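Q: I have a model open and would like to learn how to read a few of its features. Where do we start?

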Amino acid sequence: GDRSILVIVMKENKLRWRPHGGDIEKPEDDSQGKSNPRTQQLSLYKRVERLGVNVVRNARALTLRHYGIAALVVVVIFTMYQNDIVIGRRGVLTKAFINVSRLVAQSRFYLHFWTYVSPGAAATWLKAKQYYETQRPLFEEAARNFELHPYWAKTEINTIDAGWYEMITLRGKAMEKMLREEQRDDFRIEKDKCQMYKFFTENKFRTAKILGYWDDYEEFTDDLFTGKAIPANASWPTFFKCCHLTQGSSESTIMLKSQDWVDNNKGYLTKFIKEKWEYRADDWERPWAKYMNPLTDSLVPGIMLQGPYGTSYDEMNMKPSVIELKVETFWGRAYLASCNFGRDTIILRDGSIEVFPTWWQNKVNAHSESTYNTWIRTEGHLEKVWHLAETAAKIMGIDQVRIDIFIKKGDPDAIAINENSISSGMGYRAHFEFMPKIWAQGHVEKWYKTYEGKSKDLPVYKQNFPEKSCPNAHLITTPPPYV
């Protein structure tokens, strides 16, 4: 037939049929085995042209039904995002991604991988390792003189190679079990901010001024708007905090800028206070949420107001800021501090200040020695910071705790405790690999002594140093700074 004749003619002339119509095209002769750059360029242009033609043709073929389906898909995705269904800020996929990324970032695999990529990362890791090796004997010595409150001795740890997040998860598992089987609520030393601050003030630690506690949100709202909650001579700003919400993801702390600001935002504040009162903490950002959430679910809601702490000039960010050092302690001894200027800035006991100022350094964990805010070291703040954190940890009789401390440039004696954490999610870079070893080894090898004093059966938040009714009173030679 005609088609057979056409096929024969095409074969004889080395022609090829265009499947979508158009002229018959004869390919370039490459019998010499050499490609023609101009031919390749034209071929690319033709491919792009064809793609454009196909896109236009398919677009013209779309009907109202197709557009309706596309619009519906967009609406569904937007609704899911807005309501945190699967996607969105707290959707299942988002939570899974954040949890996995956090686990990876503190894993040995991740830390070691970058040491093969970046000499700076290798140097940072080696420094962290050497620091650990010099500190480990000092922590063993401290632990062998340390009295551990029985509550913390229930954490079951079988290996010194447990990771940071694994250690916190094991602690959470033990606390959840003690709440369920023994109704022990010692975790309130951190998970209940009202109880936390009462512990600090009863033990004579200096904090930013506490203006009051409330156990009824409607009463608090009325006191706030009538001026009863905040005295006329109070310093501004004032900070509203929910005692039953300690996780950063709860976003429960709000700064009340001034009395005029409060008066002009009554509608917003009324709604915010009620929502946070009814909200129950969900530590979804962390792998230990399974065990920690039942603890926070058991808390009675509460509200507190707290005054401000003085600012210092932050040389890195070039603005006034409240400088806070978050000190990790093990067995009553401080290991390092994470500071709130820069990202994951780390200060060691030898005074070195590790910063990660560039995108690449931040990515691969390669530090530089900070030239900013060195007054933290030269003015003598660190000695006081270490001592204050260690004193709080000893009274709590706790194997590990992070004590958050405010400092003020030019006045080392103005030091004050802000908060504490028994499930710290801070970024410790290369130190992630070594800090949990000191924590775990003390348990595995039983470095510690179990506290057997008169308050051993009392919750951790009831331990009282002024009455000498607490663990490690014999180790506290200098009392905490008074309020």
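**Helix packing, a buried strand residue and a surface patch**

A: The model is predicted. Start with a helix pair: helix α7 (residues 164-182) packs with helix α17 (residues 435-444) at an angle of about 40°, and their axes are 9 Å apart. That angle makes α7 oblique to α17.

Q: Why give an angle and a distance?

A: Two packed helices are described by the angle between their axes and the distance between the axes.

Q: Which residues of α7 and α17 meet?

A: From α7, Trp164, Met167, Ile168 and Arg171; from α17, Met435, Pro436, Trp439 and Ala440.

Q: Is leucine 325 buried or exposed?

A: Buried means under 20% relative accessible area. Leucine 325 has 0%, so leucine 325 is buried. Its place is in strand β8 (residues 323-330).

Q: What is leucine 325 in contact with, leaving aside its neighbours within four places in sequence?

A: Its contacts include Ala337, Cys339, Ile347, Leu382, Val385 and Ile405. Phenylalanine 406 is 81 residues from leucine 325 in sequence, yet 6.4 Å from it in space, C-alpha to C-alpha.

Q: Which residues form the nonpolar patch on the surface?

A: Phe109, Phe113, Tyr116, Val117, Trp359 and Trp360, with about 800 Å² of accessible area together. Helices α5 (108-117) and α14 (359-364) each supply at least two residues of the patch, and α5 gives the most, with four.

Q: Is tyrosine 116 buried or exposed?

A: Exposed means over 50% relative accessible area. Tyrosine 116, in helix α5, has 74%, so tyrosine 116 is exposed.

How values were computed: Residues are numbered from 1 along each chain as its sequence is written. This is a predicted model: local features need pLDDT of at least 70, side-chain atom pairs count only at pLDDT 80 or more; totals for chains, interfaces and linings use all residues. Side-chain values use heavy atoms; hydrogens and water are left out. Patches are made of residues with over 30% relative accessible area and no salt bridge: like charges are joined within 9 Å, nonpolar side chains (Val, Leu, Ile, Met, Phe, Trp, Tyr) within 5 Å. Accessible areas come from the Shrake-Rupley method with a 1.4 Å probe; for residues, only the protein chains shown count as cover. A salt bridge is a side-chain nitrogen of Lys or Arg within 4 Å of a carboxyl oxygen of Asp or Glu. Buried means under 20% relative accessible area, exposed over 50%, partly exposed in between (1.4 Å probe, protein chains only). Axes are lines fitted to C-alpha atoms, for helices over the stretch in contact, and angles run from 0 to 180 degrees between N-to-C directions. Angles under 35 degrees count as roughly parallel, over 145 as roughly antiparallel, 65 to 115 as roughly perpendicular and the rest as oblique. Contact means heavy atoms within 4.5 Å.
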